[in-house]
Amino acid sequence: MGVGAKEEDRAEKKSVPEITLRPFTLSDVDDFMTWATDDRVMRFSRRPTCTTKDECLTHMKDLIMPHPWCRAICIDDGGRPVGSVSVMPAPGADVHRASIGFGIAYDYWGHGIATAAVKKAASAVFEEWPFLERLDAIAEVNNTASQRVLEKAGFQREAVLKSYLVLRGESKDMLKVEEMNLLDSENNSRWMPGK
Amino acid sequence: MAEEREITLRRFDLSDLDDYMVWASDHRVSAFCRWDTYTDKEDLRRYMRETVLPHPWFRAICLGGRPIGAVSVNLGAGCDRCKGELGYVLAAAHWGRGYGTAAAKMAVRSVFQEVEGLERVEALVDVDNKGSQRVLEKAGFVREGVLRKSMVLKGRTRDMVVFSFISADALVD
């Protein structure tokens with residue numbers, strides 16, 4: 001998902017707005033449309049950009065509502081959603097692992113919202129899923145804005161995986177990043193960042 | 001390479017059950033695999049019937065026409081259709097002779113020819129499985145990094161080395 005680098009320097013000096021995460025409801029569709037129909041946000045997504053309100057409703061009914069962990073990112077104390085963050089558990093036996101993804105409406109880029117949302121989501125799932133040891137994410141190698149979000153949220157670069165996913169009809173090289181649970185209860189030890 | 005002339009790949013048949021049992025029942029072989037050692041031939045027969053035979057890409061590694069191991073590529077769909085994951089096993093009696101490397105090279109060559117849109121064959125290997133890492137390096141795979149705690153193997157989370165072979169890369173001779 002894309003987060004812009006525009007106004008990045010100014011954003012560092014602005015304070016990050018207070019964000020809350022909450023489940024989506026179908027009545028969020030108008031706000032959802034703001035980013036789901038925007039190529040600038042959706043161009044890095046596996047999902048095609050929606051073009052109509054009906055497509056957005058279908059997307060919400062089929063993917064958002066039944067999702068294991070998907071949250072609307074709201075700013076300004078219970079305000080309207082400006083984006084989404086979701087965590088998908090790994091398939092099969094790998095219950096210790098999950099992947100995070102996010103998207104923010106273009107007009108709200110550059111304020112640290114995605115970073116705050118990713119940090120909050122990561123904290124939440126590590127607490128809600130005690131068996132979760134590893135959270136990872138992938139971003140296209142040229143999607144430096146999303147990589148910055150993940151880096152600021154505490155994720156570490158792991159590997160560049162070549163020709164890893166087909167997005168918009170072409171195979172893309174993807175950077176994989178990861179964040180481990182800070183408290184490894186099995187070993188009773190703390191994982192030290194920067195190892 | 002000499003080993004490639006000795007090794008052939010072909011589809012499995014249920015009549016290969018006894019040969020398959022040789023490595024499927026061996027703890028040394030299953031140690032780094034997600035499956036547990038087989039003790040009952042009927043369980044293995046069921047696995048062959050339900051998983052091996054209908055699999056989109058699963059081959060017997062044969063020496064003199066008889067299976068001494070298996071190699072498979074799990075193919076992706078949708079956004080994952082450009083990649084496949086390689087897996088292989090070899091009976092312990094045939095380790096150390098270059099047969100794994102030969103089979104991996106042949107499998108990669110075949111699967112890129114046979115599967116439309118495939119650009120990447122990847123393999124995940126336990127960080128402690130040095131033998132398998134050497135097989136992949138000799139077969140021309142590139143080591144991309146280590147994915148920490150990425151796989152559960154025999155009840156423990158393991159660090160896995162990720163290797164890839166991109167169709168555009170030249171085959172190592």
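**Exercise 1. Classify A:Glu18 by its relative accessible area, and describe the salt bridge that A:Glu18 forms.**

*Solution.* A:Glu18 has a relative accessible area of 59%. Because a residue over 50% counts as exposed, A:Glu18 is exposed. This structure is a predicted model. In the model, the partner of A:Glu18 in a salt bridge is A:Lys120, with 4.0 Å between the closest N and O atoms. The two residues belong to separate parts of chain A: A:Glu18 is in the loop between helix 1 (8-13) and strand 1 (19-22), whereas A:Lys120 is in helix 5 (residues 113-128), so the pair ties together parts that are 102 residues apart in sequence. The accessibility of A:Lys120 is 37%, and this residue is therefore partly exposed.

**Exercise 2. Determine whether A:Lys172 is buried or exposed, and name its salt-bridge partner.**

*Solution.* The relative accessible area of A:Lys172 is 19%. The cut-off for a buried residue is under 20%, so A:Lys172 is buried. Its side chain meets that of A:Glu170 in a salt bridge, at 3.2 Å from N to O.

**Exercise 3. Locate the residues of the salt bridge between B:Asp126 and B:Arg158.**

*Solution.* The N to O distance in this pair is 2.7 Å. B:Asp126 lies in strand 5 (residues 120-126) of chain B and B:Arg158 in strand 7 (residues 156-166), so the bridge links distant parts of the chain, 32 residues apart. Both B:Asp126 and B:Arg158 are buried.

**Exercise 4. State how many salt bridges the whole structure holds, and which residues are linked with B:Asp80 in a network.**

*Solution.* Over all chains, the search finds 25 salt bridges. B:Asp80 is linked in a network of salt bridges with A:Arg46 and B:Lys83.

**Exercise 5. Describe the make-up and overall dimensions of chain B.**

*Solution.* Chain B contains six helices and seven strands. Their order from the N terminus is α-β-α-α-α-β-β-β-α-β-α-β-β. Along the principal axes, the C-alpha atoms fill a box of roughly 40 × 40 × 35 Å. A compact globule of 173 residues would have a radius of gyration near 16 Å; the value for chain B is 15 Å, which agrees. Of these 173 residues, 50% are buried. Chain B carries 26 positive and 26 negative side chains, and the centres of the two sets are 3 Å apart.

Methods:
Residues are numbered from 1 along each chain as its sequence is written. Chains are lettered from A and ligands numbered from 1 in the order in which they are written. This is a predicted model: local features need pLDDT of at least 70, side-chain atom pairs count only at pLDDT 80 or more; totals for chains, interfaces and linings use all residues. Side-chain values use heavy atoms; hydrogens and water are left out. Helices (H or I, at least four residues) and strands (E, at least two) are DSSP runs, numbered from the N terminus. The radius of gyration is taken over C-alpha atoms; the globule rule is 2.2 Å times the number of residues to the power 0.38. Buried means under 20% relative accessible area, exposed over 50%, partly exposed in between (1.4 Å probe, protein chains only). Lys and Arg count as positive and Asp and Glu as negative; His and the chain ends are not counted. The place of a charge is taken as NZ of Lys, CZ of Arg, CG of Asp or CD of Glu.
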